Amino acid sequence: MADSKRPHVVILGGGFAGLSAARTLKRADVRITLVDRSNHHVFQPLLYQAATAAVSPGDITAPIRFLLRKQRNARVLMASAESIDVEGKCVRLDRGDDLHYDYLIVATGARHAYFGRDEWEEHAPGLKSIEDALEIRNRFLAAFEEAERCDDEAERRAWLTFVIVGAGPTGVELAGVMPVIARKALAGDYRAIDAAGTRVILVEGLDRVLTAYPESLSARAKRDLEELGVQVRTGARVTAIEEDCVHIGDERIPCRNVFWAAGNQASSLGKKLGVETDRAGRVPVEPDLSVPGHSEVFAVGDLAAVKWGDKLVPGVAPAANQQGKHAARGILADLAGRARKPFRYLDKGNLATIGRNRAIADFGWLRVRGRLAWFLWLFVHILYLVGFRNRLSVLLQWAYAYFTFQRGVRLITQVEKREG
Ligand SMILES: Cc1cc2nc3c(=O)[nH]c(=O)nc-3n(C[C@H](O)[C@H](O)[C@H](O)COP(=O)(O)OP(=O)(O)OC[C@H]3O[C@@H](n4cnc5c(N)ncnc54)[C@H](O)[C@@H]3O)c2cc1C
């Protein structure tokens, strides 16, 4: 079939969902254009490792163009999608150029949200992209440099106080690793810092940490965190974040480092699809993952609100993978004149790491904690990491960190940004 006659499938987003959609269409007689505003796919589950100097950003990313290099029916555009005209079947890109489609798969994910307090972002960066991870790494490492220079004890204490807001997997992972780095990897390199003076506080508005897990595992995670030296404050709300302090309820804690791991807001492109989104900005979809009223448009991954019994499918990488694949299969079914099937989420279980040798795993029929869960977590993350070179490199860096307690990537690269 002449090139222009082949159906044009536009995929917005080269994350887990977008990539798996593109790959599922590998042998289809279609033209695929995958658009992403960055040139790389990010393995988000290991972002916190990059944020805490354990692995290099390059090891948890891969160029999207490289990942699809062998797929002849796909091209990649590095561009930001600005709006979607679902009636005219057209996506407008950042330079005003238009992409017409026969099928559209929107997989632009989510960002962290500040519950309407966007001004907090300046003092409390969140963790979604490589840039975010570098920002957190810089701030975390620079805090020790500032503390070393400080003559004032109260000020030094503020530099060595780290508050993490939100005790979901990201908050727990960040909180669990920070005291260990401070005690084992950093403190010995400084002269004025007493590692025991490093304080890590994890704040959660709900009554327990890791609320997606059964209570027994979440209680275990809390105990693990406390043993690692984290102060866990559940049922506590952050009411203000300023440059030099954070307010938890009525209490003012002098603190120079706040990291945000609470709340998600789906990509704003969801609002351009002509349907009402939920409070988190997610797009409700039909059982085949298409957008109501537009069977040629699919919303998948973190952007989509996909029903799963009386809940929603969780915003995790395997779910995004499965949804991307399913949307692509819907297109394949159309092309073959078959009926589309409803999406069924295959829950592969949940894993969260709390720190060295500490993790929890919930497979429904089996719950694991401690060292075994930690090794499982390690194995799964290495297994799913994109690209062989990355796997090897991450494995070596982890082995180094595990046996030496050191962090291999202690680079501060944007100090001037912080001074500004
Ligand atoms: C810190 C962290 C830790 C996590 N840990 C785990 C874990 O341990 N296990 C797990 O299963 N899940 C984990 N997750 C969740 C998991 O990473 C997400 O569910 C998954 O990435 C969602 O995939 P997605 O394809 O929907 O979106 P994403 O992977 O976020 O991809 C979206 C893509 O869209 C692009 N994009 C966005 N807007 C535009 C635009 N306007 N134009 C063009 N491109 C655009 C982005 O650049 C990005 O490449 C974690 C997430 C984070 C942030």
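Helices here are DSSP runs of H or I with at least four residues, and strands are DSSP runs of E with at least two, both numbered from the N terminus. With that in hand, welcome to a predicted model in which leucine 210 sits in the loop between β12 (199-203) and α7 (215-228). The chain is assigned two domains, domain 1 (3-37 + 79-112 + 264-336) and domain 2 (118-262), and a ligand lies between them, because both give residues to the shell around it.

**Domains**

- The centres of domain 1 and domain 2, taken over C-alpha atoms, are 35 Å apart.
- Where the two domains meet, five residues of domain 1 are in contact with eight residues of domain 2.

**Ligand shell**

- The ligand is surrounded by 29 residues, and the closest are Ala17, Asp36, Gln44, Ala81 and Asp302.
- Sorted by class, this shell holds 13 nonpolar, 12 polar and four charged residues.
- At least two shell residues come from each of α1 (16-24), β2 (31-36) and α8 (317-336).
- Helix α8 gives the largest share of the shell, with three residues.

**Polar contacts and burial of the ligand**

- Glutamine 44 places a polar side-chain atom 2.9 Å from an oxygen atom of the ligand.
- Phenylalanine 16 has a polar backbone atom 3.1 Å from an oxygen atom of the ligand.
- For alanine 17, a backbone N or O atom is 2.9 Å from an oxygen atom of the ligand.
- The ligand taken alone exposes 1,000 Å², and the protein buries 89% of that area.

**A buried glutamate**

- Glutamate 135 belongs to helix α4 (residues 130-149).
- Its relative accessibility is 14%, so glutamate 135 counts as buried, the cut-off being under 20%.
- The side chain of glutamate 135 makes a polar contact of 2.8 Å with the side chain of arginine 139.

**Backbone angles to look at**

- Most residues other than glycine have a negative phi.
- Leucine 210, which is not a glycine, has a positive phi of about 45°.
- Leucine 210 is also buried, with a relative accessible area of 1%.
- Asparagine 357 likewise has a positive phi, near 65°, and is a residue other than glycine.
- You will find asparagine 357 in the loop between β25 (350-355) and β26 (358-362).
- With 17% relative accessibility, asparagine 357 counts as buried.

Notes. Residues are numbered from 1 along each chain as its sequence is written. This is a predicted model: local features need pLDDT of at least 70, side-chain atom pairs count only at pLDDT 80 or more; totals for chains, interfaces and linings use all residues. Side-chain values use heavy atoms; hydrogens and water are left out. A residue is near a molecule or strand if one of its heavy atoms lies within 4 Å of it. A polar contact is a pair of N or O atoms within 3.5 Å; within protein, one must be able to donate a hydrogen and the other to accept it, and residues adjacent in sequence count only if both atoms are side-chain atoms. Accessible areas come from the Shrake-Rupley method with a 1.4 Å probe; for residues, only the protein chains shown count as cover. Ala, Val, Leu, Ile, Met, Phe, Trp, Tyr, Cys and Pro count as nonpolar, Asp, Glu, Lys and Arg as charged, and the others, Gly among them, as polar. Domain bounds come from an automatic or database domain assignment. Buried means under 20% relative accessible area, exposed over 50%, partly exposed in between (1.4 Å probe, protein chains only). Contact means heavy atoms within 4.5 Å.
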